[in-house]
Amino acid sequence: MITVGVPMVAATAEPKPTTKQLAAEVEKLYSDIETLSEQYNGERVRLSAAQRSADVAKKTLAKSESELAERRQKAAYLAQNSYMNGGFGSTPFALMGGVDPETYLDQASTTYALEMQQGQEVTEVANAMQAAERAKAGAAARAAEVKKLLSSLDSQRKKITKLVKKSESKLYSTVAASVSGGAAKRVSFPVVGDGKAAQAARWALTQQMKPYVWGAAGPSSYDCSGLMMAAYHTVGISLPHYTGNQWTSGTHISTKDMRAGDLIFFYSDLHHVGMYLGGGFMIHAPHTGDVVRVAPLAGRPIAGVVRIAD
């Protein structure tokens, strides 16, 4: 008897993504965030425009309401005056008194023309007011629509930001293990990005293990601001060799928005600076007796972050 069985297949775990794949994943997520951010900015411009339109429509409506009330009052006054004087069609010759027929007819036709003109003006203002009301309603509807879209974009951005943190955690987990020992060692760090800031960060990593020397800016030794200056010099950007001036050399950003290549300043007097690499790590030249090294940011007194380039 022949028994046909299910072939035995050895269970294999799904291969872990490589550092290169994880870096590409993080870069793609950052790109998605930037795309959403630009959409968000565009919709904010639309919202401002819609709100301005609503404000203009509101002012126009208020003006039209005031003008309509004035026109109606004038029309009512003319009608009342005409009634009290007999009107154009009321036994004219009985009310003429000593006025000759030609003069009376001139006065009557003028009164009639004013009544017609005033009635037409009232109609025009009423139409303008209706148009203003429609414009106000339309602008309010557009503003509500844009606000809804802004909320959706913000929600998407928050979801992707969470994915970025998750991917970065995987990407930098091996780095964390190698840096946590305390002793300086050369670290292979995956820098995400292709812009000048990322290029400067990659170059700074090539200077690991070179000694800290006060006032030095390479090529064999560095102080903290000298390393930053030298790194950005390699991508064609000139920085002063002084933390105080480097602090004013770019755009100040939030720590939650840091990207590779951003300069991180420490202490209230800004006497130390490092370069962000990603995943909560930086590269810096610490102090006399130490070397250029990768280090975690956790627990350090960050004064602020400056973006020099994208």
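Biologist: Helix 5 (residues 224-233) runs at about what angle to strand 3?

Modeller: This is a predicted model, in which local features need pLDDT of at least 70 and side-chain atom pairs count only at pLDDT 80 or more, while totals for chains, interfaces and linings use all residues. Residues are numbered from 1 along each chain as its sequence is written, and side-chain values use heavy atoms, with hydrogens and water left out. Helices (H or I, at least four residues) and strands (E, at least two) are DSSP runs numbered from the N terminus; contact means heavy atoms within 4.5 Å, and angles, from 0 to 180 degrees, are taken between N-to-C directions of lines fitted to C-alpha atoms, for helices over the stretch in contact. Helix 5 lies across strand 2 (263-266), strand 3 and strand 4, and its angle to strand 3 is about 50 degrees.

Biologist: In what order do the six strands of the open sheet run?

Modeller: Strands of a sheet pair through backbone hydrogen bonds, either parallel or antiparallel. Here two strands count as paired if DSSP finds at least two bridges between them. The pairing in this open sheet is antiparallel, and the order is 1-6-2-3-4-5.

Biologist: Why is one side of strand 1 (251-253) and of strand 5 left without a neighbour in the sheet, and what is the average twist from one strand to the next?

Modeller: Strand 1 and strand 5 stand at the edges with a single partner strand each, so one side of each has no neighbour in the sheet. From one strand to the next, the twist averages 40 degrees.

Biologist: Which residue of strand 6 is the bridge partner of phenylalanine 265?

Modeller: Strand 6 (residues 302-307) pairs with strand 1 in the antiparallel sense over three bridges, and isoleucine 253 is bridged there to valine 305. Strand 2 and strand 6 are also antiparallel, with four bridges. The strand 6 partner of phenylalanine 265 is glycine 304.

Biologist: Which strands does helix 4 (residues 196-205) touch?

Modeller: Strand 4 and strand 5 run antiparallel and are joined by four bridges, with isoleucine 283 bridged to valine 294 of strand 5. Helix 4 packs on the sheet with its direction about 105 degrees from that of strand 3 (272-278), and the strands touched are strand 3, strand 4 and strand 5.

Biologist: Which element gives the largest share of the lining of the second largest pocket?

Modeller: On a 1 Å grid over the protein atoms alone, a pocket is an open set of points with protein on both sides within 12 Å along at least five of seven lines, and lining residues have an atom within 4 Å of a point. The second largest pocket is lined by 24 residues, with Met282, His284, Pro286, Ala295 and Arg300 nearest its centre. Helix 3 (101-179), strand 4 (281-284) and strand 5 (293-296) each give two or more residues to this lining. The largest share, four residues, comes from strand 5.

Conventions
On a 1 Å grid over the protein atoms alone, a cavity is a set of points where a 1.4 Å probe fits but cannot get out, and a pocket is an open set with protein on both sides within 12 Å along at least five of seven lines; lining residues have an atom within 4 Å of a point.
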